[in-house]
Amino acid sequence: MNLSRIDLNLLVYLDVLLREKNVTRAAEQLGITQPALSNGLRRLRDLFNDPLLVRTSEGMTPTERAVELQPQVRTILSAVEQAVLPVSEFEVTESSRVFRIMASDYAESTLLMPLLFKLRDEAPNITLDILTPSDVTFQDLEQGKIDMAINRFDRLPQSFHQATVWRDSFSCLMSSGNSALENFDMDAFLAAPHIWVSKTGMGVGRGMSQRDSQRLGWVDEALAECGHERQIRVFTRHYQVAALLAKHPDLIATLPTQVANLYTDDPRLAVRKPPFMIIPIELKLAWSPLLQHDPGHIWLRRRIVEVGEEISGRA
């Protein structure tokens, strides 16, 4: 391959085309005309000897070769963008930067307050803009529209960077007057009505029902392996709501232990170990390759991981 044949703009075109899968929208985002982008697509097809995007009933569909190229192209463009950026230090005490973070309710409840205490003295002028998973998409994260996402991810796009904040077990939270506490075994667990809390993903959520066994998540998957299912009476997407509902004399909420530990000093609530094994979960920090080398971003990522280590160490 003669590198002189490669126009870097073509890789920019390909990156946007594979993201948008629509020539008109891609041209608008790039600020060029549709014929200019169509010409660019023809040159890309010639360069890679592949159609790259094929028109189907569902619109423009990437070929297998295009799917393979997408993370490679993103990495190349990210490296070029970082190479031409001016090098500057991140002045922590002086910065008034706003960091936009997508955080699940679980992450907000357990991580945010200790993080704010850590930032208060070190970076007094920094602002955190916290968004919910339903506010953003993986595309927003990939394009750097938000700085990072903190959640439990079933999957992440290959191009994303990630770090583990902590691993967490599960605990049962219930009223201190709940009769199940007298002998909290599997029979008592199954006899009680339960509160289900969503393992919230990114994008708009959907409704739930007891029959959605494939979507109920870790607790119910672990129960199914034992040949059991629980009686779910409330579906919620918020851990703090689940904790409030657990004060009901009959209901049980099975939550990540870091959440349950927030209520250990509340005399109205009791925390117990589940009477069966549930695989621990991982809270992850994910970000775009576009921000991998950003000094301020590096600083905040390190602080979040440090806070996570401190919290999990205390647990």
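## Helix 4 and A79

A79 sits in helix 4, residues 64-84 (helices are DSSP runs of H or I with at least four residues, strands are E runs of at least two, and both are numbered from the N terminus). With a relative accessible area of 47%, A79 is partly exposed (buried is under 20%, exposed over 50%, partly exposed in between, using a 1.4 Å probe and protein chains only).

A word on the model: it is predicted, so local features need pLDDT of at least 70 and side-chain atom pairs count only at pLDDT 80 or more, while totals for chains, interfaces and linings use all residues. Residues are numbered from 1 along each chain as its sequence is written, and side-chain values use heavy atoms, with hydrogens and water left out.

## Salt bridges

The whole structure has 16 salt bridges, each a side-chain nitrogen of Lys or Arg within 4 Å of a carboxyl oxygen of Asp or Glu. One of them joins R74 to D15, with the closest N and O atoms 3.0 Å apart. Since R74 belongs to helix 4 and D15 to helix 1 (residues 8-20), this pair ties together parts that are 59 residues apart in sequence. R74 is buried at 4% relative accessible area, and D15 is buried too, at 6%.

Another links R268 and D266, 3.1 Å apart at the closest N and O atoms. Here R268 is partly exposed at 49%, whereas D266 is buried at 14%.

Five strands make an open, mixed sheet in the order 4-3-5-12-6 (two strands pair if DSSP finds at least two bridges between them). Strand 4 (127-131) and strand 6 (161-168) are at the edges with a single partner strand each, so one side of each has no neighbour in the sheet. Inside the order, strand 5 (residues 148-151) and strand 12 (residues 281-287) run antiparallel over three bridges, and N151 has K284 of strand 12 as its bridge partner.

## Helix 8

In helix 8 (residues 218-225), the buried residues include V219, D220, A222 and L223. They span an arc of only 160 degrees around the axis, which puts them on the same side of helix 8; the arc is taken from the directions from the helix axis to the C-beta atoms. Their cover includes strand 7 (170-175), helix 7 (186-191) and strand 8 (193-197), where contact means heavy atoms within 4.5 Å. After helix 8 comes G227, with a positive phi near 85 degrees.
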